[in-house]
Amino acid sequence: MSRTALLVTHTGRRRSTEHARTVAADLIAAGFEVRVIAEEAEDLDLPGVVPVSGMTAAEGAEIVFALGGDGTFLRAADLARPAKAPLLGINLGKVGFLAEAEIHDLDLAVRDVVSRDYTVDERLTLDVRAEFEGGPTIESWALNEASVEKGERAQMLELLVDVDGRPLSRYGCDGVVCATPTGSTAYAFSAGGPVVWPEVEALLLVPISAHALFSRPLVTAPTSTFVITVDPFTTLAVLCCDGRRVYDLPPGARVTVQRGALPVRIVRLRPRPFTDRLVAKFGLPVQGWRGGRS
């Protein structure tokens, strides 16, 4: 029976393209049908791959490879999630927090996939809905975060936040980030939110530069629902999901964020403690400036 893999990469970068060719050739040699995004096929210039397009590109695939940085990973997650296909990230970027393996692990990662020597974790996602008078309902999703932010640099945004059907606070702010544990090390982290271990089932709400006495980041139950209402008399806002899908929100718009119906399935090759990942990715000074103690 034929095995199928989808390969997603950043073909605008020569190094990424070269590594993608290597992975594709190795998988084909191992008997895989290798799919590539149609728009990337010409740049890869590799005989034997199958160009695919649309949101069904990963349908029926045994695994999806994302070769690049976190942006490439999130793009691949868009395709892997509806197909329920496991997603393996190989970091060719800088931090690559979402990736499972680094470039020097590339050959080993391919061998592990060929031999089916890996496990799969399920990561909590967000379902996002935006409604406003006179416009269509917007439906989206996020693996890392959904944020409601001001659309005009010079003006403050007025937002009312409800949690589980009850009003929490009205913020004059630059915006609000709703994040998953996976996204706690992304935008929510830079806005001052806590780092949450990915095994923890929870949702995060982090105000951005809020002019308020109470503007602490919040961690809620995974069953919670956030409703963010753009004040009718405030400036324009934007809804941004994973930094990829951006929608304009007029005054009075209402954004609902809750746990996603579909998780993202992420491949783990050699599981290691999340603490080690934090130390490695952020370069944390475990020795301290004085060095270790005797």
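Tutor: A polar contact is here a pair of N or O atoms within 3.5 Å, where within protein one must be able to donate a hydrogen and the other to accept it, and where residues adjacent in sequence count only if both atoms are side-chain atoms. This is a predicted model, in which local features need pLDDT of at least 70 and side-chain atom pairs count only at pLDDT 80 or more, while totals for chains, interfaces and linings use all residues. Residues are numbered from 1 along each chain as its sequence is written, and side-chain values use heavy atoms, with hydrogens and water left out.

The protein is divided into domain 1 (3-123 + 263-282) and domain 2 (126-259), with bounds that come from an automatic or database domain assignment. The contact (heavy atoms within 4.5 Å) takes 14 residues from domain 1 and 14 residues from domain 2. Between them the domains bury about 1400 Å², 68% of it on carbon and sulfur atoms; buried area is the accessible area (1.4 Å probe) that two parts lose on being put together, summed over both. On the side of domain 1, L74, R123 and F274 supply 39% of the area buried against domain 2, more than any other three residues.

Five residue pairs, both at pLDDT 80 or more, are in polar contact between domain 1 and domain 2. The elements giving two or more residues to the side of domain 1 that touches domain 2 are α3 (70-83) and α6 (274-282), helices being DSSP runs (H or I, at least four residues), strands likewise (E, at least two), numbered from the N terminus. Of these, α3 gives the most, with six residues. The residues on this side of domain 1 divide into nine nonpolar, one polar and four charged, where Ala, Val, Leu, Ile, Met, Phe, Trp, Tyr, Cys and Pro count as nonpolar, Asp, Glu, Lys and Arg as charged, and the others, Gly among them, as polar.

There are also three salt bridges between domain 1 and domain 2, each a side-chain nitrogen of Lys or Arg within 4 Å of a carboxyl oxygen of Asp or Glu. R81 forms a salt bridge with D127, the closest N and O atoms being 3.2 Å apart. R81 is buried at 11% relative accessibility, whereas D127, at 23%, is partly exposed; buried means under 20% relative accessible area, exposed over 50%, and partly exposed in between (1.4 Å probe, protein chains only). D78 and R244 also meet in a salt bridge (3.2 Å, N to O).
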